[in-house]
Amino acid sequence: MHVPPKRFGAELRRARHERGMTLTRLASAVHYSKSQLSKIENGHQRPTAHLARRCEVELDCPGRLIALLPDPATPTSPAAAGPPSRRLVLTAGAATVLLAGGAPGGAAASAPGEQAGDGSLVDSARALLTHFRRMAQSCPPPTVLVPLAEQTRALVALAADSGSGARNGLLLVAARFAEFTGWMAQESGHDEAARRWTDHAARLAFDGGDHQLGHYGLVRRALMAYYRGHASETVALSAAAGDHRLAPRIRGLAAQQEAEGHALAGDHGASLRTLDRARDLLAAAEREEDPAPVGTSHLADPVTMFTGWCLYDLGRPAAAAEHLDAACAALPPQAHRNLARYGVRRALAHASAGEIDHACALARTALPSASAVASYTIGLDLRRLAGVLGRHREHSGVRALAPDLTAALTLSAAARTAPPLPKPA
């Protein structure tokens with residue numbers, strides 16, 4: 001749907017008049033200049049989704065303005081926006097039925113199946129994956145992409161030549177390599193490669209008997225949809241991974257991602273309710289024994305971090321900043337990628353709340369890590385931060401930060417120029 005800016009501006013003016021709010025007062029509340037907001041009301045400047053949500057909060061008209069924005073742009077590659085492959089969906093559905101019946105390969109059976117293989121080889125491969133994960137915390141994604149892809153292929157080939165006992169263990173560690181390859185492809189801005197490797201990881205997990213890890217592929221696909229700005233697809237994929245027969249950790253991670261989808265759609269109530277469900281599920285998962293859990297290992301309280309970002313997407317930057325401040329305080333110093341991602345988001349929340357000095361100080365702390373990891377997805381938030389700070393060009397802190405911010409933006413954009421990633425076998 002394409003809505004001319006004039007229609008959005010007219011609706012914004014109508015909602016403002018209904019609330020008896022002057023343009024000056026609304027501009028102050030959303031931390032825009034009066035002249036910028038006037039241009040938007042008169043149809044001379046296109047609004048952003050974040051501004052639409054901020055105005056909806058201040059004018060108490062949820063959903064009224066965001067519905068007038070155009071749909072997110074279609075990704076360059078049609079395959080990048082496509083649904084999971086038919087084979088993956090059918091396999092996931094069959095696996096869930098097996099889980100319900102207590103068949104081998106469910107949550108209780110996946111770990112023993114992995115141990116049945118050649119322990120020394122599987123343990124060595126796991127140690128190598130840990131090494132790659134540590135590398136990825138402090139270097140650009142293209143640095144590890146090709147080695148990860150080749151290691152995945154080598155493990156799949158070894159599994160094919162192994163006996164039935166060793167096969168499952170090798171396939172499952174190969175699935176972990178493929179999943180991480182997909183994540184690094186997404187961090188490099190290669191959506192189609194990320195989709196292919198994520199689907200490949202899910203198929204390997206199902207083939208190796210770990211249906212939990214197989215369903216985690218849907219959570220990863222939901223994250224890709226979120227970064228493309230597709231709220232309904234994010235919610236649908238997350239809900240598909242939240243089946244009650246799956247382990248609490250998979251369902252908790254799925255609920256976190258679903259909450260982001262609801263926030264992107266501007267549904268405050270659904271987002272916060274889903275976050276509450278995520279917190280309960282992840283708390284239950286903490287009580288379970290899991291030597292190699294999926295998802296991030298550097299967030300002590302991931303739900304608080306996700307709550308902060310959902311609140312930002314919901315147009316509540318001041319509340320978002322409070323949650324992000326609390327969660328960022330617990331990040332370990334070696335987690336450079338998370339320090340960059342959430343440090344930039346924290347700065348963005350404070351900047352959007354009008355705290356420009358504090359935002360610049362936070363950004364200056366996060367930019368060294370952001371430059372080191374050169375992530376495409378972190379670059380998306382850097383561009384948003386640059387846009388917000390750009391409304392305060394005359395501020396001394398913004399002028400001082402500009403060279404370092406520009407350098408970090410350039411490095412994150414350079415990730416997309418890396419050589420094409422090999423396709424999964």
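## Basis of the model

Residues are numbered from 1 along each chain as its sequence is written. In this predicted model, local features need pLDDT of at least 70 and side-chain atom pairs count only at pLDDT 80 or more, while totals for chains, interfaces and linings use all residues; side-chain values use heavy atoms, without hydrogens and water.

## Helix α11

Helix α11 spans residues 191-207 (helices are DSSP runs of H or I with at least four residues, numbered from the N terminus). Of its 17 residues, 12 are buried, so α11 is largely enclosed by the rest of the structure (buried means under 20% relative accessible area, with a 1.4 Å probe and protein chains only). Among them are W197, D199, H200 and F206. Just after α11, G209 has a positive phi of about 95°.

## Salt bridges

The whole structure contains 20 salt bridges (a side-chain nitrogen of Lys or Arg within 4 Å of a carboxyl oxygen of Asp or Glu). E41 and R16 form one of these, at 2.7 Å from N to O. Because E41 lies in helix α3 and R16 in helix α1, the pair ties together parts that are 25 residues apart in sequence.

D199 of helix α11 pairs with R221 of helix α12, 22 residues apart; their closest N and O atoms are 3.2 Å apart. Both R221 and D199 are buried. A network of salt bridges links E11, R14, E18 and R64.

## Threonine 234

T234 belongs to helix α13, residues 231-240. T234 counts as buried because its relative accessibility is 0%. The side chain of T234 reaches the backbone nitrogen of Y226 at 3.1 Å.

Technical notes
Helix = DSSP H or I, 4+ residues; strand = E, 2+ residues; numbered from the N terminus. Buried < 20%, exposed > 50% of the residue type's maximum accessible area, 1.4 Å probe, protein only. Polar contact = N/O pair within 3.5 Å; in protein donor to acceptor, adjacent residues only side chain to side chain. Expected span 1.5 Å × (residues − 1).
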